[in-house]
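I opened the model to look up two things.

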Amino acid sequence: MRMSNRENAKLMTGNEACAEAALFAGMRFFAGYPITPSTEIAEFLARRLPQVGGTFVQMEDEIASMAAIIGASLAGVKSMTATSGPGFSLMQENIGYATMTEVPCVVVNVQRGGPSTGLPTLPSQADVMQARWGTHGDHPVIAVAPSTVRETYDWTIRAFNLSERFRTPVILLLDEIVGHVSEKIVYPARGEIEQVERERTSRDPESYLPYENTDSDIPPFAEFGAGYRYHVTGLNHDETGFPTNDPKKVDILNRRINRKIERYRSEIIAYSESSLEDADICVVAYGSSARSAHRAVLDARRSGYKAGIFQPFVLWPFPHERLSLIAQRIKNFVVPEMNLGQIAHEVSCATNRNIVRVNRVDGGLITPDEILEEIKNVSIR
Amino acid sequence: MFPYDKYLRRDKFPHIWCTGCGCGIVLKALLRAIERSKIPKDDVAIVSGIGCSSRTPGYLDFNTLHTTHGRAIAFATGLKLAKRKLKVIVVTGDGDATAIGGNHFIHAARRNLDMTVIIYNNYIYGMTGGQVSPTTPAGKRSTTSPHGNVEPAFDISGLAIAAGAPFVARTTCYHAVQLDKYINKGIMKKGFSVVEVLTPCPTYYARPNRLGNAVEMLEWYKNNSIQIEVARNTSDEEKAGKITIGILHDSDRPEFCDVYSQLSARVREANKE
């Protein structure tokens, strides 16, 4: 047992884990543009993709990178790009296009300090709301935020699964710490994490409706060049895929693309809870801040404070229902994050309780002590 | 009579273009060029951005992709690299290709990925109602150059050649027969091929500049263009102000898919050792 464990273990960074997991998930097309602190993902894949029959291309900018992965995915190939804040901003229009045209793809954002060029080499979690609302129009989104190298590996695979299952872009929110920290990871056992493929249509080309209003709300896919010869447009379209201004048809599409994520919330949402059973303080933390939060809760318990932790892995859709339940019993919530309170706002909406915010926007990691201090302060109050 | 119906989505007509617009002339030339290439419909993908010309794919019975403004070539790059058997044809306009999409255009030419880009150059933003574009001639009026255009114009074909496109041709909607020949040559060319076609916009370009109706615009193309073979033997004074048309550039350069396949084979071989 010990031997096999050792064989399955490796020292790697979060960025490497992301790239390797993407290959495991079946990703065979990557288009990207260099940007700190995400560049290692592109470098890794530039080396590996041609070895496994995939394609790596360095595009002229992030707009083109996002466009290229949508084009590749329409050809039926699982596709990904990776970037950081400024590049993520440039990708927004085409992320909306992928949402509107229901093209699966994964967009990795290794967050750095912002706004603007900000702090290229230092972490932040300040793109959480941009991940939710960055592209224009009413739209759904799925965004996930791992906190360790192993979680990055697992959640990269799951990001592809969610993207394929729901035919929508999925945002993988890493941060500079998660991306650059080196940790030993033990690979998941074979079969531990499934690999999902988008549902292909069983219809013949004559009866195929690319944007059919099915019972599942997720239209089956046909790849370009497979005999279906259909039309894809970012304009509001009907079931045939062609543009329409018919208010009824426009309404159906706009509501369906949102509903197809909303109605599967319980399938999409994922989180972990620890020490919450008897807790009177709940720390809500995600990404690299969750690492400090876990330590802070451990230290708090040792000092006799009844703290627990709630860590969402999926940030969007946000687990309002679960936090609302937790808030029936727990009055105090501490939310550490490397921004000025983007998720704290969601926690506040979900719980209607006292929210203590622990925020840093100076490029520094929130330390366990900073969280512990707030746990103590809340307890005294 | 050419069997256009074979390639049209008849149920999508009437089209959205104005009376006298050149887009239909290019559309028909494109279909004649594809017919001549004998490429099956299932293997053809037509990709466009935003603008009047970019509405072409919707009427055509191929794999059709209407993307975001300026980005057609970038979408087409991913599509082609992921499925190399596809013959990818981009239809785009002067604003789409050389203003908002200028960066993608020059880098695609440099990369030399196998695709054909047809640029409908009507000197104006038609879809938004007649604003100045990067190819509007200096001095000409538009809704955003009401006192005359203060900027010089791009030479699209010159830009493509300079950026490395191995095949570049330019013609006009008057030269419709020549147009389908050039598009066909572009399609058959392995590599990044560009066909620039001057198309009349009687509504938004001709009107503020008092250039007459569509027929008069076509006559203007006839009288103000010069075939490159003729131009070579014509004095500068004689050809001043005339637009050079013809196959402006035809060379051979390694194509990106081929180069990448070779690289892939090499690294896989090295991996085995």
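Before reading off helix directions, I noted the convention: axes are lines fitted to C-alpha atoms, and angles run from 0 to 180 degrees between N-to-C directions. The model is predicted.

**Helices on the sheet.** I looked up α14 (368-380) of chain A first. Helix α14(A) lies across β12, β13, β15 and β16 of chain A, at about 160 degrees to β15(A).

**The sheet itself.** I read the strand order in chain A as β11-β13-β12-β15-β16. The sheet is open, has 5 strands and shows mixed pairing. β11 (271-274) and β16 (354-359) of chain A each have a single partner strand, so one side of each lacks a neighbour in the sheet. Neighbouring strands are turned by 20 degrees against each other on average, direction ignored.

I then checked one pair. β12 (281-284) and β15 (332-337) of chain A run parallel over 3 bridges. In this pair, Ile281(A) stands opposite Asn332(A). Helix α13 (342-351) of chain A packs on the sheet and touches β12, β15 and β16 of chain A. Its direction makes about 160 degrees with that of β15(A).

**Chain A against chain B.** I found 34 residues of chain A in contact with 36 of chain B. Which element gives the largest share of the chain A side? It is α4(A), with 9 residues. By type, the chain A side divides into 19 nonpolar, 11 polar and 4 charged residues.

β10(A) pairs with β2 (63-66) of chain B in the parallel sense, over 3 bridges. There, Thr233(A) stands opposite His66(B).

Notes. Residues numbered from 1 in each chain as written. Chains lettered and ligands numbered in written order. Predicted model: local features only at pLDDT ≥ 70, side-chain atom pairs only at ≥ 80, totals over all residues. Pairing = 2+ DSSP bridges. Helix = DSSP H or I, 4+ residues; strand = E, 2+ residues; numbered from the N terminus. Contact = placed C-beta atoms within 7 Å. Nonpolar A, V, L, I, M, F, W, Y, C, P; charged D, E, K, R; others polar.
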